[in-house]
Amino acid sequence: MLDAIQWDSDLIRRYDQAGPRYTSYPTAVQFHDGVGSFDLLHALRDSRRALRPLSLYLHLPFCANICYYCACNKVITKDRGRTQPYLQALEREMALIGHHVDKRQRIEQLHLGGGTPTFLSHDELRQLMSKLREHFSLLDDDSGDYSIEIDPREADWSTMGLLRELGFNRVSLGVQDLDPRVQRAINRLQSLEETRAIVEAARTLQFRSVNIDLIYGLPQQTAENFAHTVQQVIALQPDRLSLFNYAHLPERFMPQRRIDSGQLPSAATKLAMLQGSIEQLASAGYRYIGMDHFALPDDELASAQEDGSLQRNFQGYTTHGHCDLIGLGVSSISQVGDLYCQNSSDLAAYQASLNNGQLATARGLGCNDDDRIRRAVIQQLICHFQLEFADIEQRFAISFRSYFADTWPALQQMHRDGLIELAERGIEVLPAGRLLVRSLCMLFDRYLGETSQQRFSRVI
């Protein structure tokens, strides 16, 4: 079974380390300021000539309240008027980018993230989608994957009706934890009833998929109270569920300094929370997709993993990895062909660039031949838990074992430890290794030795 997981505490202790989540390879840590808007426009020209389908990501950074655990690029404000200058800059960016794509390049995937996208008023959401349709070829037959992140405290039935009317058919709800003590410790008071109301609205309005995000490792969490949260969430029957490990990095993320580190659960308690949650989800029929993600067997992610088409990019696991990804908004990342580029993460700088008629591209990276090989290996392992050497050898004209000779001893050790089956034909990630697949992928990451691993969360 693809979704089978074997819990081995000893192996987890030995292989649990800090490392990338591999939404890209090379990771964003390797981006540099030698990449600019000219490189993006050049890549878009190639995409346009090939008429590759597109995926759009829009970053809407505004939130009314601060959640102490949050590491996102955000603007905390009660002033709803602050959105207008940003939306004007965003519309200028759409127009600039839109000139460099072909109307025949369909938008198969759209995602609005943040921040809190539903911080925008209904009129602002209408205007935003109108501008998107003006500059890009959005689908009108509900066949695309059009999703939006929702804070249930910032949405109601009328909001959900508007989103469905505007073409959204997937929603992702931030929940994190339902225990009031935990919610007070992270400054996110959100009742089960608020969450249930949005899920019920999504079902009634025929949204195709509901995802719920949970976080383990937050202050005041125990194995018992988190198990109760997971059970309550399972009762809502989301199509997908994400179970993230909280990374406490107060030196990097200022809001986390408001969290009392003495209230954080121990490493052993975190492991108990994860193990218990996996058992609960498995009993409820959820399949482990990988990297903290679970889905019901009839979900598109589960189907894509079965047929070998699942991929991973900056939007996480996706069935649209064949699309070129265009990121719009402050800090957004694009992946067009072999080019990665990121907008400025500074709101004032982002808006100033667009107000001057210039794209806000601040940094990025162009993949070389070695990057392409390693990206293909990591993508296959992290999405499908197996790799055929012949596939890589034929695609890139290399001898796998010779090319990765330096990695071979570590692979052999993982084989002896029972994490993988290392055979003449390839690698299979065994049930004991599936939770630790990031550690396996790290063996193929040429850049890790150059990067402080303190920049990353731990595998478990």
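What is the percentage of helix and of strand over residues 48-287, and how far apart are the end C-alpha atoms?

Modeller: Happy to! Please keep in mind that this is a predicted model. Over residues 48-287 the chain is 38% helix and 21% strand, with 37 Å between the end C-alpha atoms. That stretch carries a UniProt label, "domain: Radical SAM core", which comes from an unreviewed entry.

Let's look closely at one helix pair there. Two packed helices are described by the angle between their axes and the distance between the axes. Helix α3 covers residues 83-98 and helix α4 covers residues 122-135; their axes come within 9 Å and cross at roughly 10°. Angles under 35 degrees count as roughly parallel, so α3 is roughly parallel to α4. On the α3 side, the contact is made by T83, Q84, L87, L90, E91, M94, A95 and G98. Facing them from α4 are E124, Q127, L128, K131, L132 and H135.

The structure holds zero disulfides. C341 is in no disulfide, and its nearest cysteine sulfur, that of C367, is 12 Å away, whereas a disulfide needs the sulfur atoms within 2.5 Å. C341 counts as buried because its relative accessibility is 3%. C367 is likewise in no disulfide, and at 8% relative accessibility C367 counts as buried too.

How values were computed
Residues are numbered from 1 along each chain as its sequence is written. This is a predicted model: local features need pLDDT of at least 70, side-chain atom pairs count only at pLDDT 80 or more; totals for chains, interfaces and linings use all residues. Side-chain values use heavy atoms; hydrogens and water are left out. UniProt positions are given in the numbering used here, feature names are shortened, and annotations may be inferred rather than shown by experiment. Helices (H or I, at least four residues) and strands (E, at least two) are DSSP runs, numbered from the N terminus. Axes are lines fitted to C-alpha atoms, for helices over the stretch in contact, and angles run from 0 to 180 degrees between N-to-C directions. Angles under 35 degrees count as roughly parallel, over 145 as roughly antiparallel, 65 to 115 as roughly perpendicular and the rest as oblique. Contact means heavy atoms within 4.5 Å. Buried means under 20% relative accessible area, exposed over 50%, partly exposed in between (1.4 Å probe, protein chains only).
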